[in-house]
Amino acid sequence: MPADVSELAQEREFLAEARRQLGRMRDRVAALDGRYAGDRVSAEVLEAALARRMEQLTDDPEIPLFFGRITVGEDAETFHIGRRHVSDPDGEPMVVDWRAPVSTPFYRATPKEPMGITDRRRYGFARGHLTGFEDEPLTRADRTADGPADLDGTPHSEILEAEIERPRTGPMRDIVATIQPEQDVIVRMPLERTLVVQGAPGTGKTAVGLHRAAYLLYAHREQLTRRGVLVVGPNKSFLRYIRDVLPALGEIHATQATIEELVGNHAPVRATEPAGLGTLKGDGRMAAVLRRAVWSHVATPEDTLVLPRGSFRWRVPAYEAREAIEQIRARDVRYALGAAQLRHALAHRVLVQIEETGDALDDRAWDVLARTKPVRDYAAAVWPAVEPRRLLFRLLSDPTFLAECADGILSEAEQRLLTWERPPRAAGSARWTTADLVLLDELADLLDRTESLAHIVVDEAQDLSAMMLRALGRRAATGSLTVLGDLAQATTPWASSDWSDVLAHLAKPDGHVEQLTAGFRVPADVIDLAARLLPSIAPGLEPPTAVRRARGRLTITTAPLDDVLVGVPALEGSVGLIVPDAAVPHVRGSLTAVGLTFAVVGERDDERDAADDTSEFDAHLDLVPASLAKGLEFDHVVLHDPAGIVAAEPNHATGLRRLYVCLTRAVTSLVVRHADDLPPELGRVTSA
Ligand SMILES: Nc1ncnc2c1ncn2[C@@H]1O[C@H](COP(=O)(O)OP(=O)(O)OP(=O)(O)O)[C@@H](O)[C@H]1O
């Protein structure tokens with residue numbers, strides 16, 4: 001690292017001073033916190049836990065306060081760029097936030113487009129200690145430095161490479177120091193834009209989505225903290241894997257949830273269903289069936305409403321009530337609001353008659369009339385209250401009612417499939433599945449509009465059904481989404497094969513698709529093996545181009561698992577042993593027998609809560625059921641029984657996609673350990 005010694009000393013002094021100033025700023029905030037604590041004391045446990053975590057990080061001398069510097073314009077003004085803003089006592093910036101507009105050229109400037117900067121400096125750190133720096137002139141004649149250059153002429157950066165090659169340990173970490181230009185463009189896209197980010201495994205989709213959430217929270221702080229930001233992930237262990245990233249970036253105002261958690265307020269999940277039935281329940285046509293089911297409750301009034309008041313009996317004839325209903329329905333309001341409006345419309349007709357007799361009444365009297373028993377009873381008879389669980393119970397247990405609602409939408413065979421073979425006695429004793437809860441969520445929204453958040457980041461979105469996507473879309477109805485996924489990694493029976501369908505179900509048809517192509521995780525040799533599956537699982541998609549310098553170690557072996565495991569303790573970095581779900585108990589026994597310490601991914605999901613600080617990703621060795629491998633990564637992966645992983649899925653194509661996911665989790669080495677033949681789609685391989 002060609003760092004001038006005296007300049008390095010100056011930079012170290014600058015870092016020490018920035019730390020002192022941050023301490024001063026923190027002390028001031030702590031004083032303010034005390035004052036505000038009363039308001040937020042009982043804010044969610046999660047927020048409190050994350051706030052604590054953030055504080056730890058703020059105090060952590062191992063986290064560099066800045067990682068880069070740019071020199072701008074003819075005056076050669078310099079800006080240090082870091083995770084958060086630090087200013088001196090006069091309010092002058094010492095470190096600027098990586099999300100501030102002034103930081104953009106640090107990420108995007110190239111010699112061809114220097115964006116007004118003359119130099120870019122990257123710092124090397126070891127455990128928070130500044131060890132050196134690397135300068136990259138962008139506009140001067142001396143920029144033809146020795147050494148290899150990247151395609152756009154940018155000199156090769158050792159610091160960048162070291163960061164990308166750094167071994168993975170523990171949960172996911174931020175990439176704020178090394179966000180690449182194509183990633184930065186996505187991170188800083190305007191808030192209003194709904195985006196789909198399609199990218200092969202390891203291209204940084206999750207990282208980019210989380211950094212985009214942090215960027216949006218910074219750029220639209222007031223709006224986003226007021227209206228909320230949500231990160232949706234495929235399962236709880238994945239959420240635990242990524243949960244430190246936003247707090248490390250100083251952001252604690254984002255909620256994380258799985259789809260199950262999001263719709264879980266309607267009822268607990270107590271059952272699962274066969275793939276075909278789950279697929280049908282997730283089909284977008286179900287929305288039309290449910291809409292019909294809800295609105296089928298509105299009856300045509302046949303009787304006159306009679307409202308006794310004093311010695312008078314006021315009347316609203318049936319045809320007027322019918323008229324009122326037609327007007328309300330033409331407004332396309334939610335069902336429950338419509339019922340309230342009907343009460344008011346009926347009361348208004350009475351009010352007008354009363355006023356015609358010379359009585360002057362105000363709005364309060366209107367409200368009182370709307371709440372009288374005769375008006376309420378009349379309205380409830382023609383526009384009855386609907387309860388989602390009871391309605392879904394009726395749809396799934398009463399074939400005649402289902403036929404009325406599904407006629408012309410679902411075939412008879414589909415209706416039969418949907419109907420419970422052995423209906424529960426009542427809605428209260430029904431054993432709902434996740435797909436049912438998503439239907440209940442749709443019903444709840446037909447009754448009362450779901451509140452919209454400002455922004456949702458949804459990961460592994462290719463796996464969501466149309467009805468699940470609708471559940472997310474309505475939570476971003478007046479906001480926007482960042483949708484992350486890879487069609488080649490789709491492993492649910494209801495998965496999407498086209499992003500424009502996904503956008504349509506989210507009710508964001510104008511959203512647009514971005515692609516990430518540079519692979520930061522998987523080394524070239526491992527990609528080459530996994531990519532052999534692409535023609536069978538996603539013919540249109542390209543494999544990523546590995547940016548890793550290391551080609552990786554790939555071993556395919558028929559050796560007994562115990563022999564493979566012998567080498568595990570000596571491996572540096574994290575190790576994931578991925579096995580078919582059904583093999584977990586057996587392999588757990590083998591691991592215990594050979595005396596290895598390990599954690600099982602996904603275990604204790606039900607016991608843990610958001611404040612639980614322990615994570616399976618702190619263990620050196622994780623036993624990973626194949627169904628939970630998605631989104632995770634390990635320095636070393638041992639993939640046990642690929643044929644078993646493929647066979648565990650409902651069909652061969654899904655099995656191959658699951659295998660593709662499992663093959664692409666390794667950062668440094670992959671051992672594929674098999675006894676049965678490998679799937680022929682992997683082509684010819686030689687086993688050791
Ligand atoms: N610009 C970057 N600099 C350094 N590391 C990066 C960069 N982008 C991504 N990475 C690293 O690459 C790895 C893969 O990133 P990530 O998990 O976000 O990819 P993904 O596309 O979501 O993968 P998958 O499809 O398997 O879920 C992570 O370790 C991440 O930190």
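The side chain of Thr372 has a polar atom 2.6 Å from the backbone oxygen of Leu369. A polar contact here is a pair of N or O atoms within 3.5 Å; within protein, one must be able to donate a hydrogen and the other to accept it, and residues adjacent in sequence count only if both atoms are side-chain atoms. Thr372 sits in the loop that separates helix H15 (363–370) from helix H16 (373–382). Helices (H or I, at least four residues) and strands (E, at least two) are DSSP runs, numbered from the N terminus. From Thr372 to Pro64 the separation is 308 residues in sequence and 67 Å in space, C-alpha to C-alpha.

The model is predicted: local features need pLDDT of at least 70, side-chain atom pairs count only at pLDDT 80 or more, and totals for chains, interfaces and linings use all residues. Residues are numbered from 1 along each chain as its sequence is written, and side-chain values use heavy atoms, with hydrogens and water left out.

**Ligand**

There are 23 residues around the ligand, and Thr178, Lys205, Arg521, Glu633 and Arg665 come nearest; a residue is near a molecule or strand if one of its heavy atoms lies within 4 Å of it.

| Residue | Protein atom | Ligand atom | Distance |
|---|---|---|---|
| Thr178 | polar side-chain atom | nitrogen | 2.7 Å |
| Thr203 | polar backbone atom | oxygen | 3.2 Å |
| Thr206 | polar side-chain atom | oxygen | 2.8 Å |

The ligand taken alone exposes 630 Å², of which the protein buries 97%. Accessible areas come from the Shrake-Rupley method with a 1.4 Å probe; for residues, only the protein chains shown count as cover.

**Aromatic pairs**

The whole structure holds 14 aromatic pairs. Rings of Phe, Tyr and Trp (its six-membered ring) pair if their centres lie within 6.5 Å; planes under 30 degrees apart count as stacked, over 60 as edge-to-face and the rest as tilted. Trp295 and Tyr335 form an edge-to-face pair because their ring planes meet at 70°, with the centres 5.2 Å apart. This pair links distant parts of the chain, 40 residues apart: Trp295 belongs to helix H12 (residues 285–295) and Tyr335 to helix H14 (residues 335–356).

**Sheets**

Two strands pair if DSSP finds at least two bridges between them. Four bridges join strand S8 (residues 229–232) to S9 in the parallel sense, and Leu230 stands opposite Thr255 in S9.

Strand S21 (residues 634–640) runs parallel to strand S22 (residues 666–673) and is joined to S22 by six bridges.
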